Amino acid sequence: MMEGLRQWIISLTALCMLLALLRVLVPGGTMGRVAAFVGGLVLLAALARPLSELGAVRLALPDYAGEIERLQRQLEEENEAALAEGIAERTEAYISDKAASMGLAGACRVETRAGEDGIPLPWSVELEMPRSAELAAWIEEELDIPSERQVWHGAEG
């Protein structure tokens with residue numbers, strides 16, 4: 001920014017010196033007035049150059065606004081996915097702990113879906129262990145996952 005301002009001031013100084021030299025060299029009369037007028041226009045254009053560059057920045061602002069909105073949506077989606085993953089992991093650990101306390105061993109995988117308020121809730125569970133009526137009832141009661149959304153892989157226990 002400061003370098004650009006420095007260059008602009010140097011350019012204006014050089015232009016003013018050139019216009020002063022031109023004014024001395026061009027004879028008076030009509031030719032002198034035309035040269036002074038053209039020199040004034042050139043000087044005015046040089047003075048306004050930073051403003052025209054600001055206009056270009058202003059013209060690009062809608063592009064930036066659209067990009068910001070896109071990035072915000074992407075960030076929200078990533079946050080929702082991370083929240084859903086965290087809820088699924090904690091629910092899996094909760095079920096595994098309960099299964100272990102019942103003497104059952106195995107793994108489970110929980111799928112989440114957004115609830116009415118948009119927050120992910122446990123939706124279904126897939127268990128790699130023998131079916132336990134007691135654990136199935138606990139999952140239904142504690143986690144609100146009905147037996148039709150519980151998939152068991154293993155012999156009936």
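Why does Gly 4 count as partly exposed? Because its relative accessibility is 44%, which falls in the middle band of the scale used here (buried is under 20% relative accessible area, exposed is over 50%, partly exposed is in between, with a 1.4 Å probe and protein chains only).

Before going on, some housekeeping. This is a predicted model, so local features need pLDDT of at least 70 and side-chain atom pairs count only at pLDDT 80 or more, while totals for chains, interfaces and linings use all residues. Residues are numbered from 1 along each chain as its sequence is written, and side-chain values use heavy atoms, with hydrogens and water left out.

**Overall layout**

The chain has three helices and three strands, where helices (H or I, at least four residues) and strands (E, at least two) are DSSP runs numbered from the N terminus. Walk along the sequence and you get the pattern α-α-β-β-α-β. Of the 157 residues in the chain, 20% are buried. Among contacts with a separation of 6 or more, 48% join residues 24 or more positions apart; contact here means heavy atoms within 4.5 Å.

**The helices**

Gly 4 sits in helix α1, which covers residues 2-25. That helix has 24 residues and reaches 35 Å from its first C-alpha to its last, close to the 34 Å expected at 1.5 Å a residue (the expected span is 1.5 Å times one less than the number of residues). Trp 8, Leu 12 and Leu 15 are buried in α1.

Helix α2 runs over residues 30-101 and includes Thr 91. What does Thr 91 touch, not counting residues up to four places away in sequence? Its partners are Val 110, Pro 122 and Leu 143. Thr 91 itself counts as buried because its relative accessibility is 8%.

Helix α3 (residues 133-143) lies across β2 and β3, running at about 155° to β3. For angles like this, axes are lines fitted to C-alpha atoms, for helices over the stretch in contact, and the values run from 0 to 180 degrees between N-to-C directions.

**The sheet**

The strands make an open sheet of three in the order β1-β2-β3, with mixed pairing; two strands pair if DSSP finds at least two bridges between them. On the edges are β1 (107-114) and β3 (150-152), each pairing on one side only. Neighbouring strands are turned against each other by 20° on average, direction ignored.

β1 pairs with β2 (residues 120-128) in the antiparallel sense, over eight bridges. Thr 112 stands opposite Pro 122 in β2, and Pro 122 is also one of the residues touched by Thr 91. The hairpin of β1 and β2 has five residues between the strands, and Gly 118 in that hairpin takes a positive phi near 90°.

**Charges and cysteines**

How many salt bridges does the structure hold? The count is two, a salt bridge being a side-chain nitrogen of Lys or Arg within 4 Å of a carboxyl oxygen of Asp or Glu. One joins Arg 109 to Glu 126, with the closest N and O atoms 3.8 Å apart. This pair links distant parts of the chain, with Arg 109 in strand β1 and Glu 126 in strand β2, 17 residues apart. Glu 126 is also the bridge partner of Arg 109 in β2. There is a salt bridge between Glu 111 and Arg 113 too, with the closest N and O atoms 3.5 Å apart.

A search of the whole structure for disulfides (a pair of cysteine sulfur atoms within 2.5 Å) turns up zero.

| Residue | Relative accessible area | Class |
|---|---|---|
| Arg 109 | 47% | partly exposed |
| Glu 126 | 27% | partly exposed |
| Glu 111 | 30% | partly exposed |
| Arg 113 | 42% | partly exposed |
| Cys 16 | 38% | partly exposed |
| Cys 108 | 13% | buried |
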